Amino acid sequence: MPNQAAPEAGFAPTATVTSWPFPVNSITSTFTELASTVRDLGLLRRHYAFYIGSAAVLTLALGGIITGFILLGDSWFQLLMAGALGLWLTQAAFLGHEASHRVILDSGPKNDRLGRWISTLAVGISYQWWMNKHSRHHQSPNTKGKDPDIEKDTISFIDEDAQEAKGLIAAITRKQGYLFFPLLTFEGYNLHYRSVASLFANGTTKQKWTELSLIVAHFVIYLVPVFLFLPLGMAFAFVAVQMAVFGVYMGASFAPNHKGMAIIPADAKVDFFSKQVLTSRNIRGGWFMTILMGGLNYQIEHHLFPNMARPHLAKTRELTMIHCETHDVKYTETGLFQSYGIVIDYLNRVGLQARDPFDCPMVNKWRS
């Protein structure tokens, strides 16, 4: 097996890179060979049994949460059910993610219908927004001006955005690595808001009617029982805990995949295989990590074969590692907590580019 080198070895020590540090590998034809091997081994087959089993487990789990909610009644132990619901929603989102990649069913339209129902009715997020955002990410991972996942938000992922931060945002940016997980407690609200706002701004009339109706149904089915059967303060606490768990779990599952890996300049010419492998990070942990992260622990293989069923990713990892060693392409894999340390350190290094919000330009001019 190829050497699983220490994370980020060979990367520039700065937070981002100004020029792509790797040569454009002439291995497009060899990737075709890898893809043929993967196909010949049946690793691109559908895996209906796995997804039927996953749906059955999620259905039973939701039934258990609802039963627990009913039996606990007016009790602060309801916050345990809120946390469980946050975990359940994230696991459902993982299935919606795979449906958006046309992984689960045997045709694109069927997968889209399934993904739309899961994303909107089960999770409460616009499928149209997710498809647009995530497709652009897969086409240009960690590429300036092209990957929406590194666009400026409360957190800055590239130096230029950090340098432009002002006021309170600048103060947050300078410590954003340490603030990353606390900020994730609000990510659930952010995901719901951005997806609905995108529907109003960019969705077609059909998408607006269909998806907004299902999202409204999601919140009615969820919020009405919570506020009807729990005291008002407890109901608000229930929602706050559920949203916090959902936001942290989603962020903690997606952040290790690319954050802290090299940033590709917008005009760089990079072949498909190198671009996908060198900007992605896998997380060790075997089957347990695959369940915990919904298959996102095999991020490299997911980017190379985005329509691959989750159970086939582990075997494909072995083939990909050998392929990378043969063609001298770095394959990055770390432990989960090690990846969080890398992400926090990376965000802090980017954050140092933010101007001090307490600096007065006139005082600085006078001092100079």
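Me: Which helix holds His138, and is His138 buried or exposed?
Reply: In this predicted model, His138 has its place in helix H5. Its relative accessibility is 11%. The cut-off for buried is under 20%, so His138 counts as buried.

Me: Which residues is His138 in contact with, leaving aside its neighbours within four places in sequence?
Reply: Along the chain, His138 and Leu304 are 166 residues apart, while their C-alpha atoms are separated by 9.4 Å. With neighbours within four places left aside, the contacts of His138 are His101, Gln276, His302, His303 and Pro306.

Me: Which parts does the salt bridge of Arg136 and Glu151 tie together, and how many residues apart are they in sequence?
Reply: The side chains of Arg136 and Glu151 meet at 3.1 Å, N to O. Arg136 lies in helix H5 and Glu151 in the loop between H5 and helix H6, so the pair ties together parts whose separation in sequence is 15 residues.

Me: Are Arg136 and Glu151 buried, partly exposed or exposed?
Reply: Relative accessibility is 31% for Arg136 and 42% for Glu151.

Me: What does the salt bridge of Glu160 with Lys144 tie together?
Reply: The closest N and O atoms of Glu160 and Lys144 are 2.9 Å apart. Glu160 lies in helix H6 and Lys144 in the loop between H5 and H6, so the pair joins parts 16 residues apart in sequence.

Me: How many salt bridges does a search of the whole structure find?
Reply: One of them joins the side chains of Asp106 and Lys110, at 3.2 Å from N to O. Asp106 is partly exposed at 45% relative accessibility, and Lys110 is partly exposed at 37%. Over the whole structure the search gives twelve salt bridges.

Me: How do H8 and H16 lie to each other?
Reply: The axes of helix H8 (residues 176-184) and helix H16 (residues 336-351) come within 7 Å, and they cross at roughly 125°. Roughly perpendicular ends at 115 degrees and roughly antiparallel begins over 145. H8 and H16 are therefore oblique.

Me: How many nonpolar, polar and charged residues has the contact of H8 with H16?
Reply: From H8, the residues that meet H16 include Tyr178, Phe180 and Phe181, and those they meet in H16 include Tyr340, Val343, Ile344 and Leu347. By class, this contact has eight nonpolar, four polar and no charged residues.

Me: What should the 14 residues of helix H15 span, and how far apart are its end C-alpha atoms?
Reply: H15 runs over residues 313-326, and at 1.5 Å a residue it should span 20 Å. The end C-alpha atoms agree with this, being 20 Å apart.

Me: Which residues of H15 are buried?
Reply: H15 is followed by Asp328, with a positive phi near 55°. The buried residues of H15 itself are Leu313, Thr316, Arg317, Leu319, Thr320, Met321, His323 and Cys324.

Me: What share of the chain's residues count as buried?
Reply: The chain has 17 helices and two strands. Among its contacts with a separation of 6 or more, 74% are between residues 24 or more positions apart. Of its 368 residues, the share that count as buried is 51%.

Key: Residues are numbered from 1 along each chain as its sequence is written. This is a predicted model: local features need pLDDT of at least 70, side-chain atom pairs count only at pLDDT 80 or more; totals for chains, interfaces and linings use all residues. Side-chain values use heavy atoms; hydrogens and water are left out. Axes are lines fitted to C-alpha atoms, for helices over the stretch in contact, and angles run from 0 to 180 degrees between N-to-C directions. Helices (H or I, at least four residues) and strands (E, at least two) are DSSP runs, numbered from the N terminus. Angles under 35 degrees count as roughly parallel, over 145 as roughly antiparallel, 65 to 115 as roughly perpendicular and the rest as oblique. Contact means heavy atoms within 4.5 Å. Ala, Val, Leu, Ile, Met, Phe, Trp, Tyr, Cys and Pro count as nonpolar, Asp, Glu, Lys and Arg as charged, and the others, Gly among them, as polar. The expected span of a helix is 1.5 Å times one less than its number of residues. Buried means under 20% relative accessible area, exposed over 50%, partly exposed in between (1.4 Å probe, protein chains only). A salt bridge is a side-chain nitrogen of Lys or Arg within 4 Å of a carboxyl oxygen of Asp or Glu.
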